[in-house]
Amino acid sequence: MDAREVRDPAVTELLRCGRLEVTGRILSASNATLVGTVEADGVTVECVYKPVRGERPLWDFPDGTLAGREVASYLVSESAGWGLVPPTVLRDGPFGPGMVQLWIETDTDVELVDVVEPRQVPDGWRVVLHARDHRGNPAVLAHADRPELRRMALLDDVINNADRKGGHVLVAGDGAVYGVDHGVCLHTEDKLRTVLWGWVGEPVPDDLLDGLARLRRELDGSLCTTLTEHLSRSEVAALSDRVAGLLAAPEFPAPSGHGPAIPWPAF
Ligand SMILES: Nc1ncnc2c1ncn2[C@@H]1O[C@H](COP(=O)(O)OP(=O)(O)O)[C@@H](O)[C@H]1O
Ligand SMILES: [Mg+2]
């Protein structure tokens with residue numbers, strides 16, 4: 001599926017109403033992350049299904065809210081016109097209510113985030129962290145310098161993403177870039193934890209400011225009501241505050257200094 005097909009409203013409708021069948025489970029995942037298919041009228045798409053019941057309790061996020069946060073993150077990305085999150089809905093399934101997200105077929109040859117020796121950093125990449133590997137040799141965490149990744153970094157500022165690992169950045173077969181795993185987002189307290197720190201202190205480009213302005217208009221309207229189906233009122237208010245703050249001071253923020261700035265493991 002190319003990016004245009006992914007954004008076809010019929011896909012979201014299919015995810016919401018089609019027949020959901022579970023075919024497997026991602027064993028490396030931290031929650032019960034299932035894979036399956038959704039079918040209606042002879043059309044089938046692959047999906048991820050995370051039942052609320054399979055959510056691992058966390059100390060800082062209220063129980064049973066991660067699926068809703070994934071849907072809210074998708075709605076924010078769509079409202080800004082960024083198309084960064086695969087279509088995601090909340091619905092019932094074989095293991096009860098959960099989030100269902102379109103599966104993105106990835107191009108496994110393309111990596112946008114990597115840990116490499118300092119002299120192996122690809123041309124034009126941005127270095128985020130200098131570290132040492134398990135043998136004590138220098139290693140760096142770096143990511144590509146691409147507009148889509150910068151947009152994702154801004155999305156993460158907006159949704160206050162506490163877990164943007166390298167493995168949560170997907171490159172589809174057509175080159176489109178998607179972010180996944182937005183269960184630990186949209187908390188009221190600053191929890192930004194990401195590998196995409198490459199633009200700290202740089203101005204937010206105009207096209208992304210347009211998206212932020214669009215998002216603010218939507219938050220002043222119907223999006224606010226829709227989001228309260230998935231988030232608390234104070235979480236929606238905190239989201240609005242972050243958007244207003246970025247519009248007032250349009251630059252990529254630095255780590256807050258509270259808690260780790262980079263998720264571990266980073267992939
Ligand atoms: N929509 C998707 N399309 C393609 N691959 C996905 C999608 N969602 C998740 N994945 C893959 O599955 C892995 C585990 O999913 P993730 O959402 O990170 O689960 P968990 O919440 O358990 O960490 C991801 O790192 C990614 O490789
Ligand atoms: Mg994950």
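This is a short walk through the fold, from the whole chain down to single residues.

The model is predicted, and local features need a pLDDT of at least 70, side-chain atom pairs count only at pLDDT 80 or more, and totals for chains, interfaces and linings use all residues. Residues are numbered from 1 along each chain as its sequence is written, while chains are lettered from A and ligands numbered from 1 in the order in which they are written.

Let us begin with the overall picture. The protein chain has 7 helices and 10 strands; helices (H or I, at least four residues) and strands (E, at least two) are DSSP runs, numbered from the N terminus. Its radius of gyration is 18 Å, close to the 18 Å that the globule rule gives for 267 residues, so the chain is as compact as a globular protein of that length. Here the radius is taken over C-alpha atoms, and the rule is 2.2 Å times the number of residues to the power 0.38. Along the principal axes, the C-alpha atoms fill a box of roughly 55 × 40 × 40 Å.

Next, look inside. Buried residues make up 39% of the 267 residues in the protein chain. A residue is buried if 20 or more other C-beta atoms lie within 10 Å of its own, exposed if 12 or fewer, and partly exposed in between, with C-beta atoms placed from the backbone. The largest nonpolar core holds 63 residues, of which L15, C47, V100, M152 and V177 touch the most other members. Helix α4 (residues 147-159) gives this core its largest share, 7 residues. Such a core is a set of buried Ala, Val, Leu, Ile, Met, Phe, Trp, Tyr and Cys residues joined through C-beta atoms within 7 Å. In soluble globular proteins, nonpolar side chains tend to be buried together.

G93 counts as buried because it has 20 C-beta neighbours inside 10 Å. Leaving out residues up to four places away in sequence, G93 touches L20, Y49, P51, G98 and V100. G93 and Y49 are 44 residues apart in sequence, yet their C-alpha atoms are 8.2 Å apart in space.

Now turn to ligand 1. Of the 17 residues around it, A29, N31, I104, V180 and D181 come nearest; a residue is near a molecule if its C-beta atom, placed from the backbone, lies within 6 Å of it.

D181 sits in the loop between β10 and α5, and L186 lies in the loop between β10 and α5 too. D181 has a positive phi of about 65° although it is not a glycine, and L186 has a positive phi of about 70°. D181 is buried, with 25 other C-beta atoms within 10 Å, and L186 is buried with 29. Most residues other than glycine have a negative phi, and most peptide bonds are trans.

Finally, a cis peptide bond joins W264 and P265, with omega about -5°. P265 lies in the segment after α7.

Terms used. Two residues are in contact if their C-beta atoms, placed from the backbone, lie within 7 Å.
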